[in-house]
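Please look over the sequence and the structure shown here before reading on. The notes after them are meant as a careful first tour for a student who is new to such models.

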Amino acid sequence: MSVEPFFVWLEASPLGVFMKDLPATFATVEAVHLMALAVLGGTVFATDLRLMNVILRDVPSNTVSEQSYKWFKGALIVLLITGFMMLAGVATKCYGNPYYWTKMYALAAGIVFAMAIKQPLLKQDHATLKPATRYLVALASISIWFLVAASGRWIGFSG
Amino acid sequence: MLNKLLLDFAQWMDAQPWSSSLHESFYLFNWLETTHVMTLMLSLGMLVVIDLRMLGWIMPTVPASKIADRLFVPMIIGFSIMVITGVWLFTAIPIRYTQSIWFRIKLILLFAAFINAVLFHRHLKASAGSWDTAPKPPKRTRTAAALSLSLWAGVVICGRFIAYDWYDCGKDGNSAFINWAAGCIAELPAE
């Protein structure tokens with residue numbers, strides 16, 4: 001079954017119409033999306049670079065990751081809401097855009113990785129984790145969010 | 001007068017082969033822009049964590065000056081990449097950016113954010129001893145952090161708006177104020 005009808009419906013929905021109504025609507029939602037990206041990036045870099053022993057070496061790694069995770073979740077929610085709003089404005093274009101699908105698969109992987117793998121692991125005392133484990137988890141996390149953000153930017157270049 | 005000088009400079013730059021070749025290079029230009037946008041995650045990301053600590057909203061058990069000090073270097077690395085890619089992007093389309101109202105507001109906000117950061121840094125050095133370990137810093141510190149976040153939000157908004165042609169010089173319906181603020185002298189060639 002194709003999901004294309006959903007994209008057609010979404011673009012014609014009141015939300016899709018709202019996003020196209022004024023040129024500044026889309027641009028403003030984009031800007032909020034970018035601000036939330038900065039917050040998400042800050043928490044990801046703080047947590048992951050700490051896990052890699054690059055920054056904040058004299059602050060307990062558990063403290064950094066616990067405190068960052070709250071803001072990570074908040075930023076992710078804002079990104080998902082604003083992202084969905086932007087999708088509504090250009091849904092049929094996105095449907096045929098390979099970068100859009102790359103981003104969606106990477107995003108799904110990123111959310112599963114962050115919530116089902118990384119977060120349970122980081123609930124333990126980080127001192128008991130192997131250095132290689134900490135390093136690889138951090139590297140995977142940075143790489144996946146890089147892919148999500150970069151493929152997201154490229155949706156706009158190829159439309 | 002100043003607008004004329006800026007435009008002359010932009011027109012000179014626009015005539016250089018390295019300007020046109022960057023503008024015409026699909027991959028180099030778009031990867032520069034991608035790098036510029038994505039480095040937000042490091043530069044503004046670190047700044048947000050520092051400011052949130054100054055607001056008392058993150059890592060309250062860690063001294064504020066420690067967060068500011070330890071995240072300063074990664075933040076500066078991020079901002080350096082932003083400046084390099086930003087200037088480089090400017091060289092591709094100098095005439096349009098020079099006469100863009102959003103670009104101009106962005107530069108003013110950047111300057112204001114820089115001044116705020118310098119004053120804040122001084123304030124931190126002079127007084128942090130008395131509130132460094134407080135989970136919630138004093139009001140003056142929180143105000144400076146809120147101002148910093150607001151200014152940077154403005155920078156992001158203007159940065160994103162530069163891409164839109166709503167007020168490009170020569171567009172029908174621009175008010176006299178827009179033409180003045182954007183410093184419109186030359187109309188833009190059609191892309």
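The briefing below begins with how the model is to be read and then goes topic by topic.

This is a predicted model, in which local features need pLDDT of at least 70 and side-chain atom pairs count only at pLDDT 80 or more, while totals for chains, interfaces and linings use all residues. Residues are numbered from 1 along each chain as its sequence is written, chains are lettered from A and ligands numbered from 1 in the order in which they are written, and side-chain values use heavy atoms, with hydrogens and water left out.

**Overall build of chain B**

- Chain B contains 9 helices and 0 strands, where helices (H or I, at least four residues) and strands (E, at least two) are DSSP runs numbered from the N terminus.
- Along the principal axes, the C-alpha atoms of chain B fill a box of roughly 55 × 35 × 25 Å.
- Of the 191 residues in chain B, 49% are buried, and here buried means under 20% relative accessible area, exposed means over 50%, and partly exposed lies in between (1.4 Å probe, protein chains only).
- When contacts (heavy atoms within 4.5 Å) in chain B are taken between residues at least 6 apart in sequence, 76% of them join residues at least 24 apart.

**The surface of chain B**

- The accessible surface of chain B comes to about 9900 Å², and 69% of this area belongs to carbon and sulfur atoms; such areas come from the Shrake-Rupley method with a 1.4 Å probe, and for residues only the protein chains shown count as cover.
- B:Phe111, B:Phe114, B:Ile115, B:Val118 and B:Leu119 make a nonpolar surface patch of about 480 Å², and B:Leu119 is placed in helix H7 (residues 101-131) of chain B.
- Patches are made of residues with over 30% relative accessible area and no salt bridge, with like charges joined within 9 Å and nonpolar side chains (Val, Leu, Ile, Met, Phe, Trp, Tyr) within 5 Å.

**Cysteines**

- A disulfide is a covalent bond between the sulfur atoms of two cysteines, and the rule used here asks for a pair of cysteine sulfur atoms within 2.5 Å.
- By this rule there is 1 disulfide over all chains, and a disulfide joins B:Cys169 to B:Cys184 with an S to S distance of 2.0 Å.
- B:Cys169 lies in the loop between helix H8 (139-161) and helix H9 (176-181) of chain B, and B:Cys184 in the segment after H9, so the pair ties together parts that are 15 residues apart in sequence.
- The link of B:Cys169 and B:Cys184 is left-handed, with -80 degrees about the S-S bond.
- B:Cys169 is buried, at a relative accessible area of 6%, whereas B:Cys184 is partly exposed, at 23%.
- B:Cys158 is buried, at 5%, and because the closest cysteine sulfur, in B:Cys169, is 16 Å from the sulfur of B:Cys158, the two are too far apart for a bond.

**Salt bridges**

- Over all chains the count comes to 10 salt bridges, each being a side-chain nitrogen of Lys or Arg within 4 Å of a carboxyl oxygen of Asp or Glu.
- A:Glu30 and B:Arg160 meet through their side chains in a salt bridge (3.4 Å, N to O); A:Glu30 lies in helix H3 (residues 23-51) of chain A and B:Arg160 in helix H8 of chain B, so the pair joins two chains.
- Both A:Glu30 and B:Arg160 are buried.
- A salt bridge also links B:Arg70 and B:Asp69 (2.5 Å, N to O), with B:Arg70 partly exposed at 28% relative accessibility and B:Asp69 partly exposed at 48%.
- B:Asp165 and B:Lys171 form a salt bridge as well (3.6 Å, N to O), and salt bridges that share partners join A:Asp58, B:Lys66, B:Asp69 and B:Arg70 into one network.

- B:Leu44, in helix H4 (residues 40-55) of chain B, counts as buried at 6% relative accessibility.
- Not counting residues up to four places away in sequence, B:Leu44 touches A:Ala38, B:Thr39, B:Phe79, B:Trp152 and B:Val156.
- B:Leu44 and B:Trp152 are 108 residues apart in sequence, and their C-alpha atoms are 7.9 Å apart in space.
- A:Lys118, placed in helix H6 (residues 98-122) of chain A, is buried with a relative accessible area of 9%.
- With residues up to four places away in sequence left out, the residues that A:Lys118 touches include A:Thr47, A:Asp48 and A:Leu51.
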